[in-house]
Amino acid sequence: MNDSVDPLKNGVVLAEIGSHSNGPWCAKYGAGSALVVLGTFIVDARDDVPYPPDFVFKPGRENYGDYLNEHVVAARDSGAAVGVSVISVNLDDTIDFLLAAQQAGADYLSLCIHSSMEMFVSEGLGVALLQRENWPKLEEQVTTILEATDRLFIPKFGVSGGDDAEEAVEVMAAVGVSIFHINVGDAAGEHGSQVINRLRRRGRVLIIGGGIRTSQQACEVIAAGADAVAIASAAMDDPNLCGRIQATLPGR
Ligand SMILES: Cc1cc2nc3c(=O)[nH]c(=O)nc-3n(C[C@H](O)[C@H](O)[C@H](O)COP(=O)(O)O)c2cc1C
């Protein structure tokens, strides 16, 4: 791990929960974690985006610059590093939003490749970016983000087995991505440890989530080779969960 990845080692990541993950929410529910991720935010010019309105911005710095300044600072009260996650049908809008997040002081920038919303999938984006036929677009998105920004970049996506997602990790690694946030569905289960194993052998830095609710599960996922564990659903039920689990992980 290089220095900038090191802060995540054996850490808890409060994963994106689009509708909840704004600055104050992350400060409370991610307190004591290694990383909290704001968003996912959608940048889109249309009025009828089927997503919580607080998390949708029209394109243009004037529409989200102040928000990001305020919420990245608020999220710092968690004591964790702060990431910002975005998705847009327009790559220029994605880049501008991530640059605004960087300017607001975000430590990590994330592209949501996890969305199954029709407005993204129909454009070969969201989860569709992982499909083999869309890998040229995946490469373009990732390369453009890496060239335009100077914070660590974390693509976030799901791997359910039997699809192209795991191989898409290699596509992203080939253009310079070093950290991957992967929802494996059942992180502490058999499928989770198999995915971790395969990707670890290739030297990937992994934030792994999916179904983690207890310290024991988190420790198992770390023991299986994940660098950090991500928690979403269980954190929504208990604002102290992430910090409590973090305190039990080795070496922190
Ligand atoms: C209500 C809810 C909203 C979510 N919103 C997002 C999102 O906006 N972006 C994203 O990448 N993942 C989102 N996720 C997925 C979570 O970040 C996480 O990867 C997934 O729920 C698996 O972790 P868990 O089992 O701990 O919930 C959401 C999950 C839930 C339950």
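Helices (H or I, at least four residues) and strands (E, at least two) are taken here as DSSP runs, numbered from the N terminus. Axes are lines fitted to C-alpha atoms, for helices over the stretch in contact, with angles running from 0 to 180 degrees between N-to-C directions. The structure is a predicted model, in which local features need pLDDT of at least 70 and side-chain atom pairs count only at pLDDT 80 or more, while totals for chains, interfaces and linings use all residues. Residues are numbered from 1 along each chain as its sequence is written.

The axes of helix 3 (residues 91-103) and helix 5 come within 10 Å, crossing at roughly 35°. Helix 3 contributes L91, I95, L98 and L99 to the contact, and helix 5 contributes Q141, T144, I145 and A148; contact requires C-beta atoms, placed from the backbone, to lie within 7 Å. These residues divide into 6 nonpolar, 2 polar and no charged, where Ala, Val, Leu, Ile, Met, Phe, Trp, Tyr, Cys and Pro count as nonpolar, Asp, Glu, Lys and Arg as charged, and the others, Gly among them, as polar.

Helix 5 (residues 135-148) also meets helix 6 (residues 165-174), their axes coming within 9 Å and crossing at roughly 40°. Helix 5 is therefore oblique to helix 6 (under 35 degrees would be roughly parallel, over 145 roughly antiparallel, 65 to 115 roughly perpendicular, and the rest is oblique). The crossing of helix 5 and helix 6 is right-handed. W135, L138, E139 and V142 of helix 5 make the contact with A168, V171 and M172 of helix 6, giving 6 nonpolar residues, no polar and 1 charged.

V175 lies in the loop between helix 6 and strand 7 (179-183). Leaving aside residues up to four places away in sequence, V175 touches E139, V142, T143 and L146.

In helix 10 (residues 241-248), by contrast, L241, C242, G243, I245 and Q246 are buried. Their cover includes strand 1 (11-14), helix 1 (23-29), helix 8 (215-223), strand 9 (228-231) and helix 9 (233-237).

Finally, the ligand has 18 residues around it, of which A15, G18, T40, A232 and S233 come nearest; being near means a C-beta atom, placed from the backbone, within 6 Å. The shell comprises 7 nonpolar, 9 polar and 2 charged residues.

Note on methods
A crossing is left-handed if the near helix is turned anticlockwise from the far one by less than a right angle, and right-handed if clockwise. Two residues are in contact if their C-beta atoms, placed from the backbone, lie within 7 Å. A residue is buried if 20 or more other C-beta atoms lie within 10 Å of its own, exposed if 12 or fewer, and partly exposed in between; C-beta atoms are placed from the backbone.
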